[in-house]
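Hello,

Please find the structure below, followed by notes on what was found in it.

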Amino acid sequence: MRKKLLSMLMCMCLTAALLAGCGSKEDTTASKSADTETAEETTEASNGGYALVTKAAGNPYNEKMAEGFSDVIKELTGTDAIIKHPQAATADAQIEVINSLISQGVSSICIAANDENALQAVLEDAMNAGIKVSCLDSKTNSDSRMTFVNQAGTKEIGTTLMEAILDITGGEGQFAILSATSQATNQNAWIDAMKEAMETDDKYSKLELVEVAYGDDEPQKSTDQTQALLSNYPDLKVICAPTTVGIAAAAKVLQDQKSKVKLTGLGLPSEMAEYIGDDDAHSCPYMYLWNPIDVGRLGAYVSSALVNGEITGAAGESFTAGDMGDYEVVDAGDGGTEVILGAPFKFDPSNIEEWKTVY
Amino acid sequence: MAGKSGRTISNTPDKSLKSRLLCWESMMILLFILVNVLCICISPTYNIRNVFREMPKYLIEMFLLFPMAYILVLGDIDISVGAIVCLSATMASIATNNGVPFLVAAVIAIVVGMLCGLVNGCILTMFTELPPMIVTLATQIIFFGIAEIALGSGGSISLTDTAGYKAISAKIGMVPVVFFVVIVFAVIFTVILSRTTFGRNVYAIGSNRVAAYYSGVPVQRIRLLIFTATGLMAGICALFLTSILYGANTTTGKGFEMDAIAMAVFGGISTSGGKGRLLGGIISGFTIVCLRIGLGQINMHPQLILIILGILLIAAVLVPNISMAFTKKKTA
Amino acid sequence: MKDKKSILGKITASREASLMIVLIILCFVIQMRNSSFLTPSSIGEMLKNNAVIMVMTLGMLNVLLLGGIDISIASTLALSGMSVGMLIKRGIVTNTFLCFMIAILIGAVCGAIVGLTISKGRVLPIIATMGFMYIFRGAAYMVSSDEWAGADALGSFKDFALNSVLGINNIIWIVIVCYAIFFIVMKWTKVGRMVYAVGSNREATMISGIRADRVEFFVYLIMGILSGLAGAMAVTVYASAQPNMMYAKEMDVIAACVIGGVSTTGGRGSVGGALIGALIIAIIAKALPLVGIDAIAQNTVKGLIILVVIVLNVVTQRTMDKNVLKGREM
């Protein structure tokens with residue numbers, strides 16, 4: 001009898017716990033983020049909706065991109081965009097997210113891919129279901145996308161960074177690269193572009209790339225790697241870090257040690273404002289990035305153009321991206337097409353104060 | 001470890017204990033139904049077609065749940081399974097891209113998994129003093145590391161020939177093939193654990209390893225076998241994962257071990273060994289899968305989903321404990 | 001008989017001594033490969049970069065001594081660190097000391113919740129802390145509201161990790177003070193003895209009148225406090241607060257303890273051992289890029305070293321036990 005009572009009690013408690021859990025989550029989401037509401041609205045409308053899948057949650061770069069995307073979608077359609085973050089920064093987690101979006105019957109998916117090839121099967125499913133798939137920030141292979149919103153030409157980033165290194169070293173000397181992880185698609189493409197620039201252009205012949213180190217986008221490991229670079233190569237002149245976490249960690253190490261080694265690369269102004277300056281007290285003379293808000297906005301215009309049938313993602317087509325002007329779809333060189341946002345933007349002491357509050 | 005109170009094993013399970021265990025499973029079923037009702041209420045797109053379509057990605061983690069349940073019942077833990085999945089998937093993909101037929105690649109995936117499991121098992125049975133958590137942590141780092149080396153600087157490999165893999169990610173009607181495979185394995189593993197001498201031995205080891213040893217149970221041989229079987233299942237998991245990913249990369253399988261452990265624990269399998277039944281784990285596995293699909297469809301923030309899972313995990317153990325203490329006090 | 005023990009016997013009889021030898025060999029080999037390793041500045045950098053793990057190792061030592069485990073610590077760290085980072089960014093708190101206090105308080109609250117669930121709710125430590133691992137990490141994301149607190153936003157707080165007293169960096173001072181306190185408490189006070197007692201034989205200590213559940217609560221509380229402190233330290237050392245910071249680093253902390261000879265079943269381990277374990281982990285992280293191992297193979301080597309060290313531990317333990325038995329036969 002007692003056991004029966006007990007078991008019933010257990011059942012009730014667990015049910016209550018579950019309900020409480022679900023209830024509380026509904027409150028928090030409703031108050032916290034607008035995307036949940038959005039989702040409910042769009043799903044109630046049963047069909048349609050523009051979705052953006054980011055690389056991971058909790059990253060201001062992705063957040064700014066999402067902001068630009070939502071603004072444009074709101075302006076164009078009057079509805080809110082669906083912003084989906086995967087549970088972890090892996091392709092595995094993005095598959096779950098895309099599957100969920102297919103179920104919801106969205107009309108377009110714009111994705112910043114965590115792996116170039118792993119999403120092929122699920123994105124092909126999405127395209128078969130009539131969803132317009134485009135990439136932004138970080139591309140998938142050409143079979144699994146209609147077009148790709150490239151923040152800046154890969155080759156252009158490569159040469160820009162090499163120019164910066166050439167300028168800071170004064171024309172000759174050793175430099176090293178501090179990258180994210182060994183499989184980071186973007187970073188690998190940019191590093192390859194840098195190496196290619198070194199091979200093809202004679203003016204870089206006196207520069208020597210001593211090592212490509214990987215900081216895994218962890219502050220601790222990036223710090224260890226930077227310190228190792230400094231002690232392994234006493235003649236090192238420049239470190240180039242084309243990743244936001246890596247460049248901040250390296251900048252801190254160099255600035256704290258008052259090292260003569262200088263830094264450049266790609267970083268967020270808000271994270272790097274402290275380290276940018278022309279004098280010896282600052283470790284980074286200047287660095288580059290593009291505007292993530294604009295990347296998101298262009299992504300939204302591309303999604304909309306794909307859904308409206310203005311473009312199909314073939315090379316040679318062009319469309320108007322609101323006040324951003326006209327853009328053309330060009331061949332990306334990997335069998336697919338891309339839309340290039342523009343040249344990377346230079347952040348130096350003269351404009352960093354202005355930009356650090358923006359993103 | 002002291003304080004192993006409340007852990008009983010007897011030849012003739014006494015009636016009240018049995019009814020209580022039965023209740024845990026029936027409660028899980030109740031919860032499963034509840035979760036589904038909830039999902040249908042909150043998400044208009046939550047229907048059987050969509051659930052089956054989204055399920056394979058989650059279902060493949062169930063391959064790890066079955067052996068993990070055995071390992072937890074033994075009182076051990078294995079946190080290297082995710083890394084084994086990564087390594088097997090990598091090797092199978094490399095083999096396929098070198099022109100090896102699909103069936104051979106499948107065998108390679110399974111053998112690589114088994115070898116990894118064997119390494120874990122050998123270390124743990126040769127040095128029985130070593131805590132399984134740390135050993136498998138070290139092997140986790142090593143297996144991921146080997147996969148990283150094999151994948152090279154790109155860190156990612158894409159299948160050039162997907163024919164065989166497409167066959168195992170196909171669907172029969174609207175039900176994916178992997179669903180049937182999971183059910184078959186679920187039946188096999190459940191029957192072995194609950195209906196055979198081997199299964200009883202596993203419980204005996206988990207309840208009291210020394211006593212089991214002195215009563216003639218080949219403790220270390222069983223542990224070795226189970227760790228190897230875990231590797232084997234990780235290999236199978238890798239094969240199905242490859243069929244979804246069309247390749248492998250260095251983050252493949254990351255975090256699978258925690259998902260598998262969470263499913264088992266939520267299903268009433270104790271991490272200190274000797275307690276719990278696989279059936280509960282399987283039902284809880286499906287419950288978690290449905291909950292995640294449902295919450296995913298209303299576009300909830302992924303971290304909030306994890307918070308809810310965390311609360312459920314603790315509540316599943318805490319609530320019965322508190323209510324038990326309460327009733328004890330009342331009757332005392 | 002005891003006096004005649006050979007030097008070798010003495011060394012193998014003490015776990016710390018044998019670990020010390022491993023440590024010295026490691027240092028020696030690395031020094032041969034790269035002479036910049038054993039310089040004061042390099043060692044200072046290493047300690048500073050691993051201070052967070054070293055501090056948390058102390059808490060984990062206590063948890064393991066009790067036969068428990070805590071895998072929620074990296075999430076607690078993220079929650080406290082992220083909260084402090086956002087408070088400074090929003091300009092609510094600017095005083096460095098106050099920031100540390102707030103971080104410790106948040107850690108203490110987290111630790112208390114974990115401790116209550118485990119000691120009063122009788123939930124197994126691994127399950128409880130696994131749940132809280134998700135919950136606290138999720139809370140850190142909620143606190144961050146998808147922002148980071150960068151160097152510019154952190155104002156004077158980040159200077160704490162740059163300044164030094166008596167030539168030793170503030171962060172390293174915190175580590176030294178923590179280790180000194182724990183060394184004294186664990187060795188010579190009643191509280192320390194109680195932790196060992198409960199870990200060795202819970203029932204016996206309960207019969208002898210020690211409230212085992214209170215000791216258990218206390219240990220998780222301490223773990224939470226140290227994690228909270230580590231959160232503030234991580235923010236000032238790296239001048240950056242991110243919700244995913246130190247993700248999965250709890251495993252490094254547990255590994256440091258086990259390498260240092262702490263038994264995961266409770267009752268065995270020492271502050272000295274934990275220190276050496278944490279140092280070995282720190283040296284591995286610091287040295288792998290220094291000795292010129294290919295970047296892509298570094299993780300594998302790290303795993304292998306951990307495996308070898310813990311197997312060595314077992315082998316020395318076995319010789320120790322054998323020696324003790326031999327002594328008895330005499």
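Confidence in chain A

This is a predicted model. Residues 1-6 of chain A keep a pLDDT under 50, and the model gives them eight contacts beyond four places in sequence. Where pLDDT is low, the predicted coordinates should not be read in detail. Over chain A as a whole the average pLDDT is 81, and 87% of the residues score at least 70.

Domains and a helix in chain A

How is chain A divided by the domain assignment? The assignment gives domain 1, made of 36-151 and 292-342, and domain 2, which covers 154-289. Between the C-alpha centres of domain 1 and domain 2 of chain A there are 30 Å. Five residues from domain 1 of chain A and five residues from domain 2 of chain A take part in the contact between them. On the side of domain 1 of chain A that touches domain 2, two residues are nonpolar, one is polar and two are charged.

Helix H4 of chain A runs over residues 91-104 and has 14 residues. From the first C-alpha of H4(A) to the last is 20 Å, close to the 20 Å expected at 1.5 Å a residue. After H4(A) comes A:Gly105, with a positive phi near 65°.

Chain B

Chain B has 14 helices and four strands. Its radius of gyration is 20 Å, close to the 20 Å that the globule rule gives for 332 residues, so chain B is as compact as a globular protein of that length. Taken along the principal axes, the C-alpha atoms of chain B fill a box of roughly 70 × 55 × 30 Å. Of the 332 residues in chain B, 58% are buried. Counting contacts in chain B between residues at least 6 apart in sequence, 79% are between residues at least 24 apart.

Helix H11 of chain B covers residues 219-245. At 1.5 Å a residue its 27 residues should span 39 Å, and the end C-alpha atoms of H11(B) are 38 Å apart, which agrees. H11(B) is mostly covered, with 20 of its 27 residues buried. The residue that follows H11(B) is B:Tyr246, and its phi is positive, near 55°.

Chain C has 13 helices and two strands. A compact globule of 330 residues would have a radius of gyration near 20 Å, and the 21 Å of chain C agrees with that. The C-alpha trace of chain C spans about 70 × 55 × 40 Å along its principal axes. Buried residues are 59% of the 330 residues in chain C. Of the contacts in chain C between residues at least 6 apart in sequence, 79% join residues at least 24 apart.

Regards

Note on methods:
Residues numbered from 1 in each chain as written. Chains lettered and ligands numbered in written order. Predicted model: local features only at pLDDT ≥ 70, side-chain atom pairs only at ≥ 80, totals over all residues. Domains from an automatic or database assignment. Contact = placed C-beta atoms within 7 Å. Nonpolar A, V, L, I, M, F, W, Y, C, P; charged D, E, K, R; others polar. Rg over C-alpha atoms; globule rule 2.2 N^0.38 Å. Buried ≥ 20, exposed ≤ 12 C-beta atoms within 10 Å, placed from the backbone. Expected span 1.5 Å × (residues − 1). pLDDT = per-residue confidence, 0-100.
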